[in-house]
Amino acid sequence: MSEHIIQVSDVSKSYGGVVANKDISLSVRKGGITGLIGPNGSGKTTLFNSIVGYHPIDDGSIKFEDKEISRLPVPEIARLGLLRTFQQTRIFSAMNCVENMLISLPHRKMTIMQMLAQNSKADHDRAAQLLDFVGLYEKRLLRSGSLSFGQQKLLEFAMALMNEPTVLLLDEPTAGINPTLINGLIDRLKRANSEFGITLFIIEHNMRVIMNMADTIYCLAHGEMLASGAPEDVQNDQRVIDAYLGAH
Amino acid sequence: MTGTGNKIVSYITLALFIILAPLLFPDYRTSLAALWLLIIVALTWDMTGGQMGYNSLGNIFFYGTGMYVAAVVGISLAYDVADYTNAAGGGIYKFTDAQYFTGMLVGSLAAGLFCAVSALILGWLLFGLRGPYFAIGTLGVAIAAGELVSNWDWVGGGQGIALPVYPYDLDQGKLFFYYLFAGLGVAVFAFCAWLYNTRFGAAINAIRDDEEKAEAMGIHTLRYKLIAWSMAAFFVGVAGAFSAFQLIHFEPLETAYQTINLGIFMVVCVLLGGKGTLWGPVIGAIMFHVFKEVTWTYFLGWQWVALGALIVVTVVYFQDGLMGWLKTRRPEWFGIRVEQKAAIAEAAE
């Protein structure tokens, strides 16, 4: 019904006395790229964790495809097709890249009989194709733990694509990636959005990156929503500039 | 092509050796059957311990339970169990050949199924525990089961149960039990080889490496943990059933729920050979069995000290076992390499 696939309304979350999110409301447009920015400690990752069910929220409502998900546990939310990557990259470091890709097949769509089958040629082809897409094809038989941090991030991104999510929440996808690779990554994120039709919701510190990609941007500061709107509006908002320069 | 050819030749050689070994070394039939038991419990322990990262110290529960279920079911086909196990009864119970073998067959299947279902229930309760807590939790289950059974008169209490003796020549019986264990061992090995190559195998590896990430990817973690442990429990239960008929008499604490013997040996075998590998548990079981036979024969009195020293040395210096050590020394043997794109494209054509 709604063009907004994720709707967060008045969500609050505190850790003891620290208010990490206070009355946050935002919505993520289906098929779009939405950005979430804010200084360190402004509550971005807390909000992500709330959405994917990592911890219970104190107050408010979170809807995915018009279904209330704020009380569901992590695996159930993931099985709805709402996936996230981690700020501290998490891959299966003892496995090689291909194995990492194959384990990322959308198991939520499989029956136990399908689980007890071997991966098909099509699965292997898709893994190879996506590894090529992120530029890791040559290293696909190496232990993924031996890759550089930036390459591990790319691998995690490819794994997320392999999982065929409806919405992908990316926590700082360009952090720790070589500046020359960033342009390539922006291009790949945009293509994932346009070619695979995956809605993206991205936390990003790099202003140039997020301004280039997102159609809507939300800015948090001190756990509260500071500003929202089109990239150029947010970029020129005096409150956002102050928050980043520390005046807030 | 030559690769697969070599493989087939080596598997045939191995199969011939397995079949001929008890005929070539008749004095070692029982010892070889014991080796197969070690291989079975090591392989099944590794299904959860090595492949899924859940180190159970309680798999011996399924061995003991398998013994009891097989004995009770086997007896009940011919006689009333309470009369049979009544220590004060003094009755004499004869089994015909048909009763003996049907009892063993039905009892073994029942043992496997009962243990598989027990694993589902126990897993439901215990899989919330992680790391050492899971190990201690499962150990507690095995110890408690031993104590409960030894106070349960219907199954013979602390006396245990005496089963009928193999109906034909006893030497032939040794051969019979060797082939039973060998058959089960080969079946378990083949099952593992197949399972670890399926998507299910990959999913339990993912649980081992990062369970939180696996959950975040939408993998049905609890479901797969239950299924994996249940499969392992089935085979251990059947092995326990075979042991019950092979040993003729067993009792709860030292034979069935023998936590400090077989319950620990299976873990040591896997650690020696290498956790999370297909061949590791098999090689580890052979190494351990030889070590155990030698020390128990030539260093009697010091055998437990030697065993303790072996465990300490393994845990401190060779945590990844023989296979893990080879994998770091010779990664190319395990297919770990940088592959060039052009070479792949050519190979594909």
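Ground rules. I am reading a predicted model, in which local features need pLDDT of at least 70, side-chain atom pairs count only at pLDDT 80 or more, and totals for chains, interfaces and linings use all residues. Residues are numbered from 1 along each chain as its sequence is written, chains are lettered from A and ligands numbered from 1 in the order in which they are written, and side-chain values use heavy atoms, with hydrogens and water left out.

Entry on chain B. I noted 16 helices and two strands in chain B. Helices (H or I, at least four residues) and strands (E, at least two) are DSSP runs numbered from the N terminus. The C-alpha trace of chain B spans about 80 × 50 × 45 Å along its principal axes. Of its 349 residues, 49% are buried. Buried means under 20% relative accessible area, exposed means over 50%, and partly exposed lies in between, with a 1.4 Å probe and protein chains only. I then took the contacts in chain B between residues at least 6 apart in sequence, and 81% of them join residues at least 24 apart. Contact here means heavy atoms within 4.5 Å. The accessible surface of chain B is about 16,500 Å², and carbon and sulfur atoms account for 68% of it. Such areas come from the Shrake-Rupley method with a 1.4 Å probe, and for residues only the protein chains shown count as cover. I also looked up the charges: chain B has 17 positive and 22 negative side chains, with the centres of the two sets 10 Å apart. Lys and Arg count as positive, Asp and Glu as negative, while His and the chain ends are not counted. Each charge is placed at NZ of Lys, CZ of Arg, CG of Asp or CD of Glu.

Entry on chain A. I found ten helices and ten strands in chain A. For its 248 residues a compact globule would have a radius of gyration near 18 Å, and chain A has 18 Å, which agrees. Its C-alpha atoms fill a box of roughly 55 × 40 × 35 Å along the principal axes. Buried residues are 56% of the 248. Chain A exposes about 10,200 Å², with 49% supplied by carbon and sulfur atoms. Its 24 positive and 27 negative charges have mean positions 6 Å apart.

Entry on Lys213(B). This lysine sits in helix α9 of chain B, residues 211–216. Is Lys213(B) buried or exposed? Lys213(B) counts as buried because its relative accessibility is 3%. Its side chain makes a polar contact of 3.2 Å with the side chain of Glu156(A). A polar contact is a pair of N or O atoms within 3.5 Å; within protein, one must be able to donate a hydrogen and the other to accept it, and residues adjacent in sequence count only if both atoms are side-chain atoms. Beyond neighbours within four places in sequence, I listed contacts of Lys213(B) with Phe86(A), Arg90(A), Phe92(A), Glu156(A) and Met159(A).

Entry on Gln258(B). I located Gln258(B) in the loop between α11 (252–256) and α12 (262–273) of chain B. Gln258(B) is buried, at 13% relative accessible area. Its side chain reaches the backbone oxygen of Thr255(B) at 3.0 Å.

Entry on Ile5(A). Ile5(A) belongs to strand β1 of chain A, residues 4–15, and at 3% relative accessibility counts as buried. Not counting residues up to four places away in sequence, Ile5(A) touches several residues, among them Val28(A), Phe64(A) and Val167(A).

Entry on positive phi. Which residue in strand β2 of chain A did I look up? It was Asp23(A), in residues 18–29. Asp23(A) is not a glycine, yet has a positive phi of about 45 degrees, and is partly exposed at 45%. Glu172(A) also has a positive phi, near 50 degrees. Glu172(A) lies in the loop between β7 (167–171) and α7 (179–195) of chain A and is buried at 9% relative accessibility.

Note on methods. Rg over C-alpha atoms; globule rule 2.2 N^0.38 Å.
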